[in-house]
Amino acid sequence: MKVSFKDLGLVNTREMFKKAVKGGYAVPAFNFNNMEQLQAIIKAAATEKSPVILQVSKGARNYANQTLLRYMAQGAVEYAKELGWKKPQICLHLDHGDSYELCKSCVDFGFSSVMIDGSALPYEENIALTKKVVKYAHKYDVTVEAELGVLAGVEDEVASEESHYTKPEEVIDFATRTGCDSLAISIGTSHGAYKFKPEQCTRDPKTGRLVPPPLAFDVLRQVEKKLPGFPIVLHGSSSVPQEYVDIINANGGKLPDAVGIPEEQLRKAAKSAVCKINIDSDSRLAFTAAVRKVFNDKPAEFDPRKYCGPARDLMTELYTHKIVNVLGSNNKAK
Ligand code: G3H
Ligand code: 13P
Ligand code: ZN
């Protein structure tokens, strides 16, 4: 049986992005796989009155079960209201959909937005696949994110050694022919906690920490010029906070030379046509840091609430920080 996202109290990205582009901020897109992540995301968004995109990857869908995920998203809307957010602006989005069938299934299942990631395909095949998804999704008012240019690293089950920046000369043709609602571009970000190899970075002589190379803002500017006001999406935007990496490493973990995108670069991107910023790894790091610390400090503890609770608190702090201090999306969905 088909379910409309509207009956679940969810919204698509159309209005969200229009306001974000105009207002010079970005909407957070946080991945979730479990209840604690969802609680933390909703608590932060409801407290800060920030529009929010709940992202589900193919892996998350397999991990958590798609029926359960949908009811969790529906529950999230009610939870947000219970927290005093009168008109929650919550979108349920498929992250890195890799086939028409998967996107269609999510549309039919109550998602309000889907991503079709044809970035690994030849240009014309990416267009054909994206166009097919757009045609189906738009029948149900579900918005579609597409991707042009390849990010280095792992995108769900698709791994790529190298990044290929988006070619600005292709974006008008791509957006016009596919009819997509937003476009993910490649300007030097990548997925995971190791975004750059140490040899691509310099080292801060004082701290010994890796300093990554800057993003290709020139490519972003050219894309903006070609498609004025068109919503642009940045994947792979975790900052890999060193305090979490330090807690993990001090409590039995092993994450040498983990490095992310400096927050000042994301702040700059959020003020541009970039209106959706994807963050997953930072939440994984916060969760892991909190759990490792409890395990190390209290080896006799075996009640999951005693370590998932602190993990949830740390993630709430992280999401709030991103909303208020990096993306600037607070008080934009009152
Ligand atoms: O794009 C990658 C996201 O972080 C999702 O990761 O496929 O491991 O759920 P995942
Ligand atoms: P990070 O791995 O940088 O958190 O990126 C997440 C992402 O882009 C999800 O699509
Ligand atoms: Zn991504």
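Helices (H or I, at least four residues) and strands (E, at least two) are taken here as DSSP runs, numbered from the N terminus. The structure is a predicted model, in which local features need a pLDDT of at least 70, side-chain atom pairs count only at pLDDT 80 or more, and totals for chains, interfaces and linings use all residues. Residues are numbered from 1 along each chain as its sequence is written, while chains are lettered from A and ligands numbered from 1 in the order in which they are written.

Confidence comes first. The predictor's confidence in each residue is given as pLDDT, on a scale from 0 to 100. The protein chain averages a pLDDT of 95, and 97% of the residues score at least 70. One stretch calls for some care: over residues 154-159 the pLDDT stays under 50, and the model has 12 contacts for them beyond four places in sequence. Two residues are in contact if their C-beta atoms, placed from the backbone, lie within 7 Å. Where pLDDT is low, the predicted coordinates should not be read in detail.

Burial is counted from C-beta atoms placed from the backbone: a residue is buried if 20 or more other C-beta atoms lie within 10 Å of its own, exposed if 12 or fewer, and partly exposed in between. In H1 (residues 14-23), the buried residues are Met16, Phe17, Ala20 and Val21. They cover an arc of only 120° around the axis, which puts them on the same side of H1; the arc is that of the directions from the helix axis to the C-beta atoms. An α-helix has 3.6 residues a turn, so residues three or four places apart point the same way. The buried residues of H1 pack against strands E1 (27-31), E3, E8 (182-185) and E12. Just after H1, Gly24 takes a positive phi of about 70°.

Gly252 follows H9 and has a positive phi, near 95°.

Turning to the strands, two strands are said to pair if DSSP finds at least two bridges between them. Six of the six residues of E12 are buried, so this strand is largely enclosed by the rest of the structure. E1 runs parallel to E12 and is joined to it by four bridges, with Phe30 standing opposite Ile279 in E12. Strand E11 (residues 232-234) also pairs with E12 in the parallel sense, over three bridges; here Val233 has Lys276 of E12 as its bridge partner.

Strand E5 (residues 143-148) likewise has six of its six residues buried, so it is largely enclosed by the rest of the structure. Both faces of E5 are covered, with Thr143, Glu145 and Glu147 buried on one side and Val144, Ala146 and Leu148 buried on the other. Strand E4 (residues 113-116) pairs with E5 in the parallel sense over four bridges, and Thr143 in E5 is the bridge partner of Ser113.

A residue is counted as near a molecule if its C-beta atom, placed from the backbone, lies within 6 Å of it. Ligand 2 is surrounded by 13 residues, the closest being His235, Ser238, Asn278, Asp280 and Ser281. Strands E3 (90-97) and E12 (274-279) are the elements that give two or more residues to this shell. By type, the shell divides into one nonpolar, 10 polar and two charged residues, where Ala, Val, Leu, Ile, Met, Phe, Trp, Tyr, Cys and Pro count as nonpolar, Asp, Glu, Lys and Arg as charged, and the others, Gly among them, as polar.

Two backbone angles deserve a friendly second look. Most residues other than glycine have a negative phi, and most peptide bonds are trans. His96, which is not a glycine, has a positive phi of about 55°. His96 lies in strand E3 and is buried, with 25 other C-beta atoms within 10 Å. Asp257 also has a positive phi, near 55°.
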